[in-house]
Amino acid sequence: MQHPFDALLFSEDPSPEQRAALREALDNDSDLAAAFARWQQARAAVRERLAADLPDHHLLVLYALDRSGYQEALTDDEAQRLDAAAADLEDALRAHPGLADVVDDIEDACADFDAVWAAHAPSSSAAEDRPARRRGQRMERMRPSTDRRAAPPSRSVSRWAWRIGTAVAVVLFVAVAVLLLQRDRSLVTLDVAEGETQVVTLADGSTVRLLETSRLTYADPDEATPFNRRVQLDGRAFFEVVPGQQGFTVETPSGVTTVLGTSFGIQADAAAMDVVLASGRVAVAPKNAPDQTVVLEPGQRSRVAANARPTTPEAVELTEALAWTGLFVFRATPLHEAATQLQAHYGVPVQVDAALADERVTGTFEQEQPLAQVLSVLATTVEADVRGDTASGYVLAPAS
Amino acid sequence: MAASREFDAGLVERAQAGDEQAREILLTRLQPLLRAFFIKRIGRKTEVDDLVQNTLLRVHGGLEDLNHADRLKAFAMKAALFELHDLYRGRYGTKERLYDPEFPPNHSERPTAAGSSIDAERALAMLTPKARRILELREYGYRYQEIAEMIGTTEAAIKMQVKRAFDKMRDALATVIVGLTLLLGSL
């Protein structure tokens with residue numbers, strides 16, 4: 001039989017009904033409330049100790065790769081970090097039995113990757129792509145640091161010298177190539193007048209919602225010169241970039257945003273740009289300091305001022321942070337939260353059946369669209385029916 | 001380690017040298033492979049798209065650091081594992097920030113007679129090794145179903161362990177409260 005506090009122990013995203021039931025149970029049972037407090041304390045203690053003993057979880061991945069025979073996956077720098085952390089990692093594994101399970105899980109993941117790779121990219125001989133040591137062989141946990149990658153320092157120095165030389169050559173080549181291309185290609189410039197919004201579909205299928213008094217410039221593609229997925233923006237725009245193997249770059253007067261396939265909003269002027277990421281991942285950097293990159297995760301914002309490091313990404317509520325785009329931006333948003341936002345914007349009650357409340361919806365909608373249209377699309381994605389009307393309010397219920 | 005035909009060293013080297021077409025081919029070929037890997041690990045979840053894109057971005061951005069062109073597989077595997085574990089580690093942190101104001105309710109912040117006498121150490125000491133192991137995996141970011149697969153049992157069995165641990169903590173606290181009540185009554 002389900003008890004209200006099952007939600008407390010097992011639910012990752014309790015529904016309002018579950019919360020209410022739990023609240024009532026705690027109000028009526030002080031022993032349960034005390035036990036709950038201690039339970040949270042134990043969880044917090046476990047969490048804090050894990051964080052203290054394993055401050056960088058990537059090290060655990062490197063450790064498992066190393067143990068699985070994939071030492072070659074590690075850069076010299078990573079190998080050195082792993083060596084330096086060896087003693088601490090051993091201590092963490094002893095103190096936290098769960099971490100040993102994590103290492104085993106990573107090794108299983110390596111085996112899965114092996115299998116997928118073999119299916120998608122068969123090797124030209126059976127002996128290829130096998131790690132030096134196989135999973136389950138359980139070699140020593142960590143070799144002494146003197147035993148691993150004893151490359152002479154000069155090798156590293158010479159490689160860096162080679163890298164720097166190559167980088168300089170590549171930069172010079174790219175600079176010359178860009179200059180030549182710019183001379184050959186005509187530029188498209190779109191200016192959006194005050195009070196207007198323009199949606200542009202680029203040659204690669206990506207779309208740009210360009211807000212009023214904004215300018216977008218890009219090289220006009222033709223048969224000889226395909227779209228280079230590079231645009232200049234002065235103003236405000238919301239981008240939905242289709243996945244592509246070539247990075248999509250947005251330059252503003254103050255910064256550069258690079259993505260592969262994602263959706264994000266940029267507000268830029270001569271002094272700074274604000275970037276809010278809806279989905280995927282973007283890297284932002286000041287225009288004159290491309291090495292000062294900050295990577296944004298979905299639901300985060302960063303501000304880049306000219307010649308200054310981007311601000312630390314901060315979490316934002318997407319529709320609120322992107323309100324200036326005139327869009328509702330839902331990305332794996334619980335349906336009840338989407339309904340709340342729609343209700344607030346349209347001033348019409350929107351209720352969601354409890355069975356659908358936690359369903360996640362993803363979509364971008366214009367705020368000028370009729371509410372019924374937006375609800376109809378959302379309902380389709382979660383297999384629901386829309387009942388009611390603007391006068392009495394709407395209800396989303398499981399499809400009958 | 002030799003490379004597969006689809007990812008031969010020559011292609012990787014051309015991509016590293018700045019050949020955009022080679023880079024495009026490389027990433028295009030990696031995409032379905034990564035998708036299959038992530039689906040195998042976490043199922044057909046909405047997060048898979050982001051994981052694939054983020055891994056491609058990681059490979060795209062780090063290709064120049066790949067010392068040997070024929071080691072692309074290991075390099076891509078590492079990138080995918082980093083993204084997968086970033087996902088695990090971020091799963092509950094965000095939710096807790098989102099839901100803490102309402103869930104758990106204020107009761108957890110209210111000091112009680114028993115609460116003042118039992119600190120986090122004692123709360124931890126109440127856990128069996130198995131329950132602690134499960135809790136560690138949960139706090140690392142795994143879901144109960146994933147924990148069950150890792151430990152080789154069912155999700156129901158894992159949840160039963162958690163429930164027992166919670167019940168044990170509850171019983172222990174009830175004993176403390178009764179003890180305190182008796183103590184106060186005798187004064």
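Q: Which residue forms a salt bridge with A:Arg303?
A: Side chains of opposite charge can pair when their charged atoms come close. Here a salt bridge means a side-chain nitrogen of Lys or Arg within 4 Å of a carboxyl oxygen of Asp or Glu. For A:Arg303 the partner is A:Asp274, and their closest N and O atoms are 2.8 Å apart. The pair links distant parts of the chain, with A:Arg303 in strand S13 (residues 300-305) of chain A and A:Asp274 in strand S10 (residues 272-279) of chain A, 29 residues apart. Helices (H or I, at least four residues) and strands (E, at least two) are DSSP runs, numbered from the N terminus.

Q: Before we go on, what sort of model is this?
A: This is a predicted model, where local features need pLDDT of at least 70, side-chain atom pairs count only at pLDDT 80 or more, and totals for chains, interfaces and linings use all residues. Residues are numbered from 1 along each chain as its sequence is written, chains are lettered from A and ligands numbered from 1 in the order in which they are written, and side-chain values use heavy atoms, with hydrogens and water left out.

Q: Is A:Asp274 buried or exposed?
A: Buried means under 20% relative accessible area, exposed over 50%, and partly exposed in between (1.4 Å probe, protein chains only). A:Asp274 has 18% relative accessibility, so it counts as buried. A:Arg303, at 40%, is partly exposed.

Q: Which residue pairs with B:Glu83?
A: That's B:Arg58, with the closest N and O atoms 2.9 Å apart. B:Glu83 sits in helix H4 (residues 72-99) of chain B and B:Arg58 in helix H3 (residues 47-62) of chain B, so the bridge ties together parts 25 residues apart in sequence. B:Glu83 is buried at 4% relative accessibility, while B:Arg58 is partly exposed at 23%.

Q: Which residues are linked with these two in a network of salt bridges?
A: A:Arg281, A:Glu297 and B:Asp86 join B:Arg58 and B:Glu83 in that network. Over all chains, a search of the whole structure turns up 30 salt bridges.

Q: Where do A:Glu107 and A:Arg67 lie?
A: A:Glu107 is in helix H7 (residues 97-120) of chain A and A:Arg67 in helix H4 (residues 57-67) of chain A, 40 residues apart. They form a salt bridge, with the closest N and O atoms at 3.1 Å, and both residues are buried.
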